[in-house]
Amino acid sequence: MAIRKSNKLPQHAVLKQILKRCSSLGKKHGLDDDGLPVDVPKGHFAVYVGENRTRYIVPISFLAHPEFQSLLRQAEEEFGFDHEMGLTIPCEEVVFRSLTSMLR
């Protein structure tokens, strides 16, 4: 029986890629002098949720929670991370708000 090596990146590498992608999403919008989106506070990032792709600003600390990481894995499977829309979370807004209220 052969051992297959997984093509998946370690969790810390995936989180680093997500943060890098999220920090570049605002480049099409208003930026401050440091090149960061003016409407996203330091230590936060934007995600788009639900059918209407409602934008939410969430703290980076959410990335450490297994429940949020599960949402990110679903997002990767459904949308991938290489698209112009930004980080899109594939769940209903009410579910997302409920989850994030528990993480705060």
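View 1. Tyr48 has Thr88 of E3 as its bridge partner. The model shown here is predicted. A second residue of E3, Ile89, is the bridge partner of Val49. E1, which covers residues 44-49, runs parallel to E3, and two bridges connect the strands.

View 2. E1 and E2 are antiparallel and are joined by six bridges. One of the paired positions is Ala46, whose bridge partner in E2 is Ile57. Val49 is placed opposite Thr54 of E2. Four residues separate the two strands of this hairpin, and Gly50 in the turn has a positive phi of about 80°.

**View 3. The three-stranded sheet and helix H3.** The sheet is open, its strands follow the order E2-E1-E3, and the pairing is mixed. E2 and E3 (88-89) are the edge strands, each pairing on one side only. Helix H3, residues 93-103, packs on the sheet and touches E1, E2 and E3. The direction of H3 makes about 15° with that of E2. How enclosed is E1 by the rest of the structure? Five of the six residues of E1 are buried, so this strand is largely enclosed.

**View 4. The largest nonpolar core.** This core holds 18 residues. Val47, Val58, Phe68, Ile89 and Phe96 are the residues with the most contacts inside the core. At least two core residues come from each of E1, E2, helix H2 (66-78) and H3. H2 gives the largest share, with four residues.

**View 5. Surroundings of Phe68.** Which residues does Phe68 touch, leaving out residues up to four places away in sequence? The contacts of Phe68 are Phe45, Val58, Phe62, Leu63, Phe96, Leu99 and Leu103. Two of these, Val58 and Phe96, are also listed with Phe68 among the residues with the most contacts inside the largest nonpolar core.

**View 6. Arg73 in helix H2.** Arg73 is a residue of helix H2. Is Arg73 buried or partly exposed? Arg73 is partly exposed, because its relative accessible area is 42%, and a residue counts as buried only under 20% and as exposed over 50%. Pro90 lies 17 residues from Arg73 in sequence, and their C-alpha atoms are 9.9 Å apart in space.

**View 7. The whole chain, for orientation.** The chain contains three helices and three strands, which follow one another from the N terminus as α-β-β-α-β-α. Of its 104 residues, 33% are buried. Among contacts with a separation of 6 or more, 49% link residues 24 or more positions apart. The chain has an accessible surface of about 7400 Å², and carbon and sulfur atoms account for 53% of that surface.

**View 8. Confidence along the chain.** The mean pLDDT of the chain is 78, with 63% of the residues at 70 or more.

Terms used
Residues numbered from 1 in each chain as written. Predicted model: local features only at pLDDT ≥ 70, side-chain atom pairs only at ≥ 80, totals over all residues. Heavy atoms only, no water. pLDDT = per-residue confidence, 0-100. Buried < 20%, exposed > 50% of the residue type's maximum accessible area, 1.4 Å probe, protein only. Contact = heavy atoms within 4.5 Å. Areas by Shrake-Rupley, 256 points an atom, 1.4 Å probe, with all protein chains shown as cover. Pairing = 2+ DSSP bridges. Axes fitted to C-alpha atoms, helices over the stretch in contact; angles between N-to-C directions. Core = buried A, V, L, I, M, F, W, Y, C linked by side-chain atoms within 4.5 Å.
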